[in-house]
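Dear colleague,

Please find the structure below, together with a short account of what was found in it. I would be grateful if you could read the two side by side.

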Amino acid sequence: MDKSAFFKLTYGLYIITTKYEDHFAGCVVNTVVQATAEERPKILVTVNKENNTNEVMKKSKKVNISVLSKEADMLLIGKFGFRSSKDFNKLNGTDHIIGNNGIPIITKSTSAYIEANIINEIDCGTHTVFILEATDSKTISDAPVLTYDYYHNVIKGKTPPKASSFAE
Ligand SMILES: Cc1cc2nc3c(=O)[nH]c(=O)nc-3n(C[C@H](O)[C@H](O)[C@H](O)COP(=O)(O)O)c2cc1C
């Protein structure tokens, strides 16, 4: 198989956030896809089972999605994409609001956000595919959105092994 074919797939970049009891977790993902366009659209997101965010999402059944803009820098992406929420609160020092569902939403370098309930999950080997139903959403900035391609080719960012699209 020619794995370079997979590099032709395109994505955006997002920070997903969740909370169960007093524990907050959140991480960078590129795997957010709108699946349906009904009154409450369904969305898919794929999260590595070793990420703390996966564990907390399974308990919380709620998750919010911040659509990152091109203003996102490596400090933000490094914090949410390369560190674990297990013993570190990534919210400290990061602009955020609390959503209508009680879950924090990252507003730093964010073009729009979506609040969602987790309505199903599918085992996908190393990852879990979560099926979400949107409960609220808002556009908060006109800044252009950050794409995976821009992250790699302009920001020169790296992708850690737990991402869905990592390749050595
Ligand atoms: C550009 C980029 C894309 C990523 N995409 C995903 C993804 O789609 N799914 C995933 O589970 N992790 C992805 N990650 C990795 C997680 O953000 C990373 O493992 C994070 O440290 C997990 O934090 P947590 O343990 O607090 O959940 C990505 C990271 C980066 C930098």
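By class, the shell around the ligand comprises eleven nonpolar, twelve polar and two charged residues; here Ala, Val, Leu, Ile, Met, Phe, Trp, Tyr, Cys and Pro count as nonpolar, Asp, Glu, Lys and Arg as charged, and the others, Gly among them, as polar. This is a predicted model, in which local features need pLDDT of at least 70 and side-chain atom pairs count only at pLDDT 80 or more, while totals for chains, interfaces and linings use all residues. Residues are numbered from 1 along each chain as its sequence is written.

Of the 25 residues around the ligand, Asn-51, Thr-53, Gly-81, Ser-85 and Ala-163 come nearest (a residue is near a molecule or strand if its C-beta atom, placed from the backbone, lies within 6 Å of it). At least two residues of the shell come from each of strand 2 (23-29), strand 4 (42-48), helix 1 (52-60) and helix 2 (74-82). Strand 2 gives the most, with four residues. Helices (H or I, at least four residues) and strands (E, at least two) are DSSP runs, numbered from the N terminus.

Seven strands form an open sheet in the order 2-1-5-8-9-4-3, with antiparallel pairing; two strands pair if DSSP finds at least two bridges between them. Strand 2 and strand 3 stand at the edges with a single partner strand each, so one side of each is left without a neighbour in the sheet. Direction ignored, neighbouring strands of this sheet are turned by 30 degrees against each other on average (axes are lines fitted to C-alpha atoms, for helices over the stretch in contact, and angles run from 0 to 180 degrees between N-to-C directions).

Strand 4 pairs with strand 3 (residues 32-34) over three bridges, and Leu-44 is the bridge partner of Val-33 there. Seven bridges join strand 4 to strand 9 (residues 127-139), where Leu-44 stands opposite Ile-131. Strand 1 (residues 14-20) and strand 5 (residues 62-68) are joined by four bridges, with Thr-17 partnered by Asn-64.

Helix 1 packs on the sheet, touching strands 1, 2, 4, 5, 8 (110-124) and 9, and its direction makes about 50 degrees with that of strand 1; residues are in contact if their C-beta atoms, placed from the backbone, lie within 7 Å. The buried residues of helix 1 are Asn-52, Thr-53, Asn-54, Val-56, Met-57 and Ser-60 (buried: 20 or more other C-beta atoms within 10 Å of a residue's own, C-beta atoms being placed from the backbone).

Yours sincerely

Notes: Two residues are in contact if their C-beta atoms, placed from the backbone, lie within 7 Å. A residue is buried if 20 or more other C-beta atoms lie within 10 Å of its own, exposed if 12 or fewer, and partly exposed in between; C-beta atoms are placed from the backbone.
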